[in-house]
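Morning, everyone. Please have a look at the picture before I start talking.

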Amino acid sequence: MNETTKANLLGLTQPQLESFFESIGEKRFRAGQVMKWIHHFGVDDFDAMSNIGKALREKLKACAEIRGPEVVTQDISGDGTRKWVVRVTSGSCVETVYIPQAGRGTLCVSSQAGCSLDCSFCSTGKQGFNSDLSAAEIIGQVWIANKSFGTVPGKIDRAITNVVMMGMGEPLMNFDNAVAAMQIMMDDLGYGISKRKVTLSTSGVAPMIDELGKIIDVSLALSLHAPNDELRNRLVPVNRKYPLAQVLDACRRYISRLGEKRVLTVEYTLLKDVNDQPEHAAQMVELLRDVPCKINLIPFNPFPHSGYERPSNNAIRRFQDLLHKAGHNVTVRTTRGEDIDAACGQLVGQVMDRTRRSERYIAVRRIGDEAAPSSGAADRT
Ligand code: SAH
Ligand code: SF4
């Protein structure tokens with residue numbers, strides 16, 4: 001077998017790994033041993049697996065591998081935030097961000113190189129779409145980050161307490177791989193992260209929210225961004241296919257299945273003069289009246305030529321107060337890792353766009369630049 005036909009064990013869930021061992025004529029319990037080596041100890045070399053006999057190690061070397069995405073860069077911000085750029089099989093690069101906070105550490109993981117859903121304020125969307133990440137490439141981001149905290153044999157590192165699928169891409173558009181990766185995150189043989197602390201964020205692919213509820217019970221975040229269909233159709237185009245009523249119904253069903261007082265996280269990116277007015281807050285209160293939720297406001301993180309601005313601190317506070325007075329639990333997300341461009345919506349990676357959307361975006365930018373010459377250009381005339 002050559003390199004490319006070897007089975008990559010990194011992205012296999014426990015049942016999948018058990019089937020793999022069975023398929024090569026070995027006992028299923030080997031799956032547990034190998035998973036611990038891979039995920040607890042960060043091992044990628046079968047020879048390091050000391051509780052596995054030499055004959056089986058040789059057999060594994062011939063037919064399998066443990067291969068994460070290639071790390072292109074790793075940056076550490078002044079505030080402790082870390083960012084990795086990793087290259088995936090398709091040749092594109094995606095980003096992973098680790099955010100340390102008092103008592104916890106959250107890893108923000110990418111699920112696709114680019115995104116086909118084209119939300120108007122998202123730099124990932126503006127880059128078009130290249131490829132789905134494999135399960136190994138998704139869990140590989142956790143594997144790489146975990147290793148960077150100096151995992152030592154005999155000690156499971158607990159630097160990563162939470163994982164959010166809020167990096168590049170729409171996880172529900174890469175369903176099977178995102179689910180497999182989340183199953184490994186929660187498995188005690190993987191990273192042992194509680195189901196409450198693994199969060200899938202979606203822009204609202206309603207039918208897949210129902211599918212998700214049939215097989216997994218992770219926390220769910222909905223990227224709302226607008227309290228009515230007219231505005232949401234413009235900001236989050238997938239809303240034209242799955243309008244608000246349909247998406248919120250699916251979210252309600254998902255949350256009610258979880259029971260145990262769990263709630264939906266509603267994310268709302270605040271865009272100056274677009275969705276940050278008191279009337280939007282009032283509509284949001286009405287819309288979420290019977291949705292058990294907590295609201296997370298994300299002040300827009302600018303990127304070049306986005307056409308949007310971040311609201312003033314006063315406008316953000318006013319919006320938060322209005323929701324709060326209506327009885328909502330509302331937090332405002334603080335920007336972390338600004339010095340390494342690690343903020344939400346600023347993740348750029350390096351997407352080899354197959355949709356040609358990025359070309360159109362660049363063309364529009366050029367036309368915009370020509371229509372509004374800078375003062376420097378005017379000075380030269
Ligand atoms: N595709 C998924 C997950 C990735 S985006 C989703 O849309 O939910 C993660 C979050 O960042 C989403 O809530 C998204 O709307 C938000 N976001 C995107 N661009 C942003 C920007 N420029 N500023 C602030 N938040 C942004
Ligand atoms: Fe895709 Fe999410 Fe960005 Fe929308 S906000 S374009 S769904 S990554």
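Is helix α5 largely enclosed by the rest of the structure, or largely open? Twelve of its 14 residues are buried, so α5 is largely enclosed. Buried means under 20% relative accessible area, exposed over 50%, and partly exposed in between, with a 1.4 Å probe and protein chains only.

A word on where this comes from. This is a predicted model, where local features need pLDDT of at least 70, side-chain atom pairs count only at pLDDT 80 or more, and totals for chains, interfaces and linings use all residues. Residues are numbered from 1 along each chain as its sequence is written, chains are lettered from A and ligands numbered from 1 in the order written, and side-chain values use heavy atoms, with hydrogens and water left out.

Back to α5. Helices (H or I, at least four residues) and strands (E, at least two) are DSSP runs, numbered from the N terminus. The buried residues of α5 include W143, I144 and N146. The expected span is 1.5 Å times one less than the number of residues. For residues 135-148 that should be 20 Å, and the end C-alpha atoms are 20 Å apart, which agrees. Just after α5, G150 takes a positive phi of about 70°.

Now the wider view. The protein has 13 helices and 14 strands. Buried residues make up 54% of its 381 residues.

Next, the cores. A nonpolar core is a set of buried Ala, Val, Leu, Ile, Met, Phe, Trp, Tyr and Cys residues joined through side-chain atoms within 4.5 Å. The largest has 105 residues, and L9, F20, M182 and L212 have the most contacts inside it. This core draws at least three residues from each of domain 1 (3-65) and domain 2 (70-365). Those bounds come from an automatic or database domain assignment. Apart from that core lies another, of six residues, among them C108 and M166.

I215 lies in helix α7, residues 206-215. At 48% relative accessibility, I215 counts as partly exposed. Leaving aside neighbours within four places in sequence, I215 is in contact (heavy atoms within 4.5 Å) with F175, V179 and Q183.

N301 sits in the loop between β13 (293-299) and α11 (313-325). Is N301 buried or exposed? At 6% relative accessibility, N301 counts as buried.
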